[in-house]
Amino acid sequence: MFGRMIQMVSQFAAPAPGLQLGVTVLGSGSAGNAVVVHSPEGNLLVDAGFSLVELRRRLATAAIPEESLRAILVTHEHGDHVKGLRVAAKALKIPVFCNRLTATVLRDGGLAPEAELTLFTAGSAFRIGAFTVEPFCIPHDAVDASAFAFHLGDLKLGLATDLGHANSLTMHHLAACDLLVVESNHDPKMVWASGRPAMVKQRILGRRGHLSNEDCAKLLQRVLHTRTRHLVLAHASRECNCYDLVEKTARDCIRALGRTDLAPHVARQDVPLATLWA
Ligand SMILES: [Zn+2]
Ligand SMILES: [Zn+2]
C-alpha cells in the first residue's frame, strides 16, 4: 500500500535524522479528533472528526501533505471521531479500517464511506505499509471502541482515548511505548460542578465514559517506561478540565516516578500539536 516513498518537505513534520515513528495530534476533544501517525513510507490518519475543510486546514498547519495519508483508522462511531469520515475518505481516496460492529453502525448511520470498509479484529495485529497495528478493546459507551498500538520496527506508539477506565488489557497494550498518547479527559469535581444534566455527568464519570486526570496519572504510573520519549495527554474536556491542570497532574506523576527527562504535551482542541518523533 505504501509503494512510494514520501519526502517530507516541511520543518513541522520532518523528523530529525534517525527518527522514524512520529505522531501529530491535529486536534483532540469532544468537538473533533484526528491524529496522524508517521512513518518514512507514509502516514495513517486515526479518526476523522473534523470536516474535510478543517482537516485540510490542520494538515496544512502541520505541514503534512494529504498525499502522504495511506488509510484512515476509526476508533469508534462517536461524531467527534467520524464526522468527516465519509467525505475525507472519498476526497483522499484512501481505505477506511474499523472493526465489524463499528462498521455496522457507520453503515446504518449513513456515515460509512462509499468504498468498502476494511475490517480489523481486536487482538489481531495487521499490517499497513511499514506499520504493524494492534487494535484492542477499550471500555467506552460506543458499540465496540478501539485503541491502537502501532509498531514500526522496534518502535511503538500507544494511542488510547475515550476510555472509561484503564483495565489490565489497556495497560498491557500501552506498556513500553516510545510515544504515548492517552486520554486525560476531566476533573471529577469540575464535572459535578458543571451545569450538565445528571445523566451526562454519570456517563462521563462512569466506567464506560472518559478517563479522569487522576485515573490517567494512575495509568501513567503503570505504563511509563524509560524508553517513553514523548507523552501526549489528549481529549481534555473544555468545560470540565483545563489544560494547565492536565499538564500539572501528569507532571506531578512523572516527577513522582523520578523522571526529569519527560515533559508532557497537552493536545488542544483548536490547533495541532507539533509532530513528536521517536
Ligand atoms: Zn471522543
Ligand atoms: Zn467517544
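User: Which residues touch the most other members of the largest nonpolar core?

Analyst: The model is predicted: local features need pLDDT of at least 70, side-chain atom pairs count only at pLDDT 80 or more, and totals for chains, interfaces and linings use all residues. Residues are numbered from 1 along each chain as its sequence is written, chains are lettered from A and ligands numbered from 1 in the order in which they are written. A nonpolar core is a set of buried Ala, Val, Leu, Ile, Met, Phe, Trp, Tyr and Cys residues joined through C-beta atoms within 7 Å. Of the 78 residues in the largest one, those touching the most other members are Val 35, Ile 72 and Leu 233.

User: Which strand gives the most to this core?

Analyst: Strands (E, at least two residues) and helices (H or I, at least four) are DSSP runs numbered from the N terminus. With 5 residues, the one that gives the most is the strand at residues 146-152, E9.

User: Is Asp 47 buried or exposed?

Analyst: Asp 47 lies in the loop between strand E3 (42-46) and H1, and has a positive phi of about 70 degrees although it is not a glycine. A residue is buried if 20 or more other C-beta atoms, placed from the backbone, lie within 10 Å of its own, exposed if 12 or fewer, and partly exposed in between. Because Asp 47 has 28 C-beta neighbours inside 10 Å, it counts as buried.

User: Where is His 235 found?

Analyst: Phi of His 235 is near 55 degrees, a positive value in a residue other than glycine. His 235 has 28 C-beta neighbours inside 10 Å, so it counts as buried. Its place is the loop between E12 and helix H9 (243-256).

User: Within what arc do the buried residues of H4 fall?

Analyst: In helix H4 (residues 100-108), Thr 102, Ala 103 and Leu 106 are buried. The arc is that of the directions from the helix axis to the C-beta atoms. The buried residues of H4 line one face of the helix because, seen down its axis, they fall within an arc of 100 degrees.

User: Which residue in E12 does Leu 179 stand opposite?

Analyst: Two strands pair if DSSP finds at least two bridges between them. Strand E11 (residues 179-183) and strand E12 (residues 230-234) pair in the parallel sense over 5 bridges. In E12, the residue opposite Leu 179 is His 230.
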